Amino acid sequence: MELTAEQIKQVRQGDRAMQKLVFEKMFSTMFRVCQRYIVQTDEAEDCVMKGFLKAFQQVDSFEYRDGNSFTAWLKCIMVNEALMSLRRKNNFNLVPHDSVPETGFEDNGILHMEASYLFDALLKLPPGYRTVLNLFAVEGYSHKEIAALLNISENTSKSQLFKAKARLKDLITQQQYGYGIS
Amino acid sequence: MESVENKIIQQKINSVTDLPDGYVPNLQSKWELLETGLGQRRKKSLLIYFYRVAVAAMLLMIGGAGLYYIRLNSPKVEKKTVASLPLKRPALTVSPVKKTLLLASVKQQRKRMPLQPQSTPVQSSERDTMNEPPFTEPLITTEEIIAAKPLKAKRFTEIDFSDPVITDKAPSETVLASQRFKFKIGSGMSTSAAASGKAGIFGLKKQLN
């Protein structure tokens, strides 16, 4: 959803109608953002609600640049809420290297995969792999920033990403074989 | 290659925006819940603001009252005024002989002393030391100089004629000889004249009775 400056101004002024519109239009997108980190539906829903509450309370700190800037800003809030939720549960669960089996993967697996299948495969990854892959590949954080966010070393972040991709591709391959896709 | 792979992952994951199958949330109820949270938060923030203001005001009042109480009960320090005594001349009695000597030495000092005091002591030459004995100035203090200043001599002695003359005792000859009276309108009589009882220059006769 693209918001204009006037709409943002109304949200800032506490216009409940505009705030409700923004909530209803952006709920599904933000739910998917939270679900990438927190697989469980009810917990992801809580994360979304907390994120929206924080966003409407701190909307004065938002700087309008273009139509998509508010969506990007809201996504950042949702990601932070999800990470806080995982941190509270201590559920990063960085899988040791030895327990993950090394499997071969096809280079074009991800390229030709449907987005929803890729998303489902992402949800099946261990929490630690999933978190690092989301932060690096999807959100665009660097390994240094990921290390600071998750309180791990850069090397750990790199190895987790490598393992995450390998595991993802393995899952895609299994899915492809499972669904009979050649 | 890896960056391309990451971009593909990013695009595909971000493209998934619809809700998963089987999940249909009641957005109205969720909005009402959110609205309640927003409203409560606003009320709560106002309440917290007034609470903080009230606490600050109470602290100020307590502090002010405490300071006032301390000031009331503190012991007052009385200011003592010391009367300044009038400056008196030092009562230094100097005998007439010493007084004369002191005055003479002061005059000599003033003559010998230069106008500006010298920073370095004056060193006399060897010849001077051989021929002349060293001059040692008498140590004279400031008080002595002040005391030695001659008082203005009175030209006359005032006598109140209304005062009764005490004639209980007749003055003896020795007393008469040592005394010298100077009357207002004339000079004093000589001792011999006083002793003989003869009148003075102006014909005044001193009655001894």
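This report walks through the aromatic ring pairs in the structure above. It is a predicted model, where local features need pLDDT of at least 70, side-chain atom pairs count only at pLDDT 80 or more, and totals for chains, interfaces and linings use all residues. Residues are numbered from 1 along each chain as its sequence is written, chains are lettered from A in the order in which they are written, and side-chain values use heavy atoms, leaving out hydrogens and water.

Over all chains there are 11 aromatic pairs. Rings of Phe, Tyr and Trp (its six-membered ring) pair if their centres lie within 6.5 Å; planes under 30 degrees apart are stacked, over 60 edge-to-face, and the rest tilted. Here are two of the pairs:

| Pair | Centre to centre | Angle of planes | Class |
|---|---|---|---|
| Phe23(A) and Trp31(B) | 6.0 Å | 40 degrees | tilted |
| Phe70(A) and Trp73(A) | 5.5 Å | 40 degrees | tilted |

The pair of Phe23(A) and Trp31(B) crosses between chains, from helix α2 (residues 16-37) of chain A to helix α2 (residues 27-73) of chain B. Helices here are DSSP runs (H or I, at least four residues), numbered from the N terminus. Both Phe23(A) and Trp31(B) are buried, meaning under 20% relative accessible area with a 1.4 Å probe, protein chains only.

Phe70(A) and Trp73(A) share helix α4 (residues 69-89) of chain A, 3 residues apart, or about one turn of the helix. Phe70(A) is buried at 1% relative accessible area, and Trp73(A) counts as buried at 18%.

Ring pairs also build a cluster out of Phe23(A), Phe27(A), Phe31(A), Phe52(A), Phe56(A), Tyr23(B) and Trp31(B).

Technical notes
Helices (H or I, at least four residues) and strands (E, at least two) are DSSP runs, numbered from the N terminus. Buried means under 20% relative accessible area, exposed over 50%, partly exposed in between (1.4 Å probe, protein chains only).
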